[in-house]
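Me: I have a structure to go through and I'm new to it. Can we take it piece by piece?

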Amino acid sequence: MADVALRKVVKRYDDVEAVRGIDLDIADHEFIVLVGPSGCGKSTTLRMIAGLEDISDGDIMIGGDVVNDVPPKDRDIAMVFQNYALYPHMTVAENMSFGLRLKHYPKAEIKARVTEAARLLDITDLIDRKPKQLSGGQRQRVAMGRAIVRNPKVFLFDEPLSNLDAKLRVQMRIEIKKVHQKVRTTTVYVTHDQVEAMTLADRVVVMNKGRIEQIGTPNELYHKPATRFVAGFIGSPAMNFIPCRLEDVGGTVQIRLTDRIAFPLPPARAARYNALPRSEKLLLGIRPEHLTESHAHLEPGVETFDTVLDVTEPMGMETLVYFGLEGTPICGRVDPNAGAKDGAPMRLAMDLNNMHLLNDETGVVL
Amino acid sequence: MADVVVEQGRLARAVSPRKKGASLRNVLGRKSTVAFFLTLPLILLITMLVLYPAFYSLYLATLNKAMTKFVGLGNFTFLFKRETFWMVVKQSCIFAITAVIFKALIGFIVAHFVHNIPGKKQRKWRGMLLVPWVIPPAMSTLAWLWLFDPSYSAFNYTLSFFGVGPIPWLGDTFWARFSVILVNVWYGAPFFLIMYLAALKSVPDQLYEAASIDGANWWQKIWHITLPMMRNIIAITTLFSLIVTFANFDIVRILTSGGPLDRTHLFATWAFQVGIQSSDIPLGACVSLFMVPILAVAAIFILRDVNKRGNEA
């Protein structure tokens, strides 16, 4: 097992820069998830760590050694691919032992390792089958088994659950977490699914347009996003962004959303935002769970307003409500018994204690 | 009571033609019947061009030279006693097996090179490398005949600069066999190339990437990934080429006409010589029929293996 470090890593395809000088330190035993939309450079970064793509600039280190020019086979890594990449002409056991056989491990040791990995992944009964005779979930387990038997320094996962149905994806997510808890190998995991990222990672790396937007624990990213991109990408439904400005009214600072809706800044936030220039174009970032039905007794910092709902989506344990504020679409989360109906008026409460203010032009969270 | 019986009889008579018409419509309307009629032109064509000649040659093989008397297996027993026949069997096997091995090998190697040429350039190379296969073999073999000319050929002229030759390309047994095999390989290798190229393109890149990470070098990737993934294509291409090469006629006929001293005769060319040139059509038919059991055995072995692996990928 080893730590992994990326120093100003760049990947260029002709004139296009897919990865634009990223720095990343991954500690030994850590589970890091690279997340971002399609084309953000996350898979390219993973493939550069694997050695499947050359680096245009910068350094990649595994266990303290620069591996820029080291071929994949000598990096002591294992990779799980999106479409499993199992060898169709080999049985499960042969697939899992392929790497060990190439390195001429003793037969007894190969058998012991394959048996142990199969037991760990609960695929002992499938050991003599060919990949075609396996379901998607079973194939994914075999692909993980192939990685585990080699006991590598680093595990690399390239969107391993994308080909599975929703139910199986949740199940396999838990399996992957369990396996990591047992083997504790340094893991780099790529996904575009922020739920996967949040549930699996020790730390999440959010990437956008070839750059790292933010690195942090799932909670940090959720509660303290650094940019509009991260704030909008992490969390489902996404955070609402409402154009607003600050104004001074009778010695207090107010946040004005529309001509008729303005709220005083909560005391906890007032000190932080007081110094902002009043002319600055701002965005109020508020997550749907902080836009709920109004109650009789409201906490300080929770403000109410009336609106007319466009659409409601009953989800069982909650109802998502959609409405507009001067053309900006907003999503809120209310109690299923709160009486939310399509086209009906409703009084909603906004918890400004959990608000974020963003610079509208730069997208930076203030 | 009697009225009722008459009435029933009339009814029965009236109904039966309608039933017949309905059942005919049912038969004609069945999917299998429609399918049969749609394939009928092909069935007739195969019957006329394949089955009739095959059975007719079987019939011919049982007649005497004048085709006036039934001699049973007489022609076959006569052939078994002739040395030339066994030489032709040996030559056909050597020719077909050697040529197919080289075609497969060259096709495989060149397919790898072409596969690794990027984008548009690959299309150009693919087109150029297919040229030998698209030229009618009778025409290209004539060009080879000039190249092999003992006195004025380009080959011997070029070799003379290195102090080699002149080589009797078509006059010596070894060189004549070498030459007919060389031309057959030149003509047939592009077929293997195009088939292998298609097969190579169907192997997912991620298998090679997984193998790279598993520690495989280029040779291990070919041995453990490429070859097993291409096994079915290799088998079917080999079988097809074996049949065509075994039955080759034009190259040998134009280059050597079976010479020197029958040393390059194949089944087809010898059957032609015996049957047409020596006017012993039953014996010629008998020679050509010998290809069937030999190729059938090869086909059974190769196709059995293909079926076994058919559902793997």
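Me: Which residues of α13(B) meet which residues in α14(B)?
Reply: From α13(B) they are Phe267(B), Ala268(B), Trp270(B), Ala271(B), Phe272(B), Val274(B), Gly275(B) and Ile276(B). They meet Ile281(B), Leu283(B), Gly284(B), Ala285(B), Val287(B) and Ser288(B) in α14(B). Two residues are in contact if their C-beta atoms, placed from the backbone, lie within 7 Å. Helices are DSSP runs of H or I with at least four residues, strands are runs of E with at least two, and both are numbered from the N terminus.

Me: What about the numbering, and where does the model come from?
Reply: Residues are numbered from 1 along each chain as its sequence is written, and chains are lettered from A and ligands numbered from 1 in the order in which they are written. The model is predicted, so local features need pLDDT of at least 70 and side-chain atom pairs count only at pLDDT 80 or more, while totals for chains, interfaces and linings use all residues.

Me: Back to the two helices. At what angle do the axes of α13(B) and α14(B) cross?
Reply: At roughly 170 degrees, and the axes come within 7 Å. Axes are lines fitted to C-alpha atoms, for helices over the stretch in contact, and angles run from 0 to 180 degrees between N-to-C directions. α13(B) and α14(B) are therefore roughly antiparallel, the word for angles over 145 degrees.

Me: How do the residues of that contact divide by class?
Reply: Into 11 nonpolar, three polar and no charged. Nonpolar means Ala, Val, Leu, Ile, Met, Phe, Trp, Tyr, Cys and Pro, charged means Asp, Glu, Lys and Arg, and the others, Gly among them, are polar.

Me: Now the two chains. How many residues does each give to the contact?
Reply: Chain B gives 16 residues and chain A gives 19 residues. On the chain B side, α10 (205-214) and α11 (218-246) each supply at least two residues. The largest share of that side, seven residues, comes from α10(B).

Me: Is Asn307(B) buried or exposed?
Reply: Exposed, with 10 other C-beta atoms within 10 Å. A residue is exposed at 12 or fewer such atoms, buried at 20 or more, and partly exposed in between, with C-beta atoms placed from the backbone.

Me: Where is the place of Asn307(B)?
Reply: In helix α15 (residues 291-309) of chain B. Asn307(B) and Asn232(B) are 75 residues apart in sequence and 8.8 Å apart in space, C-alpha to C-alpha.

Terms used
Parallel < 35°, antiparallel > 145°, perpendicular 65-115°, else oblique.
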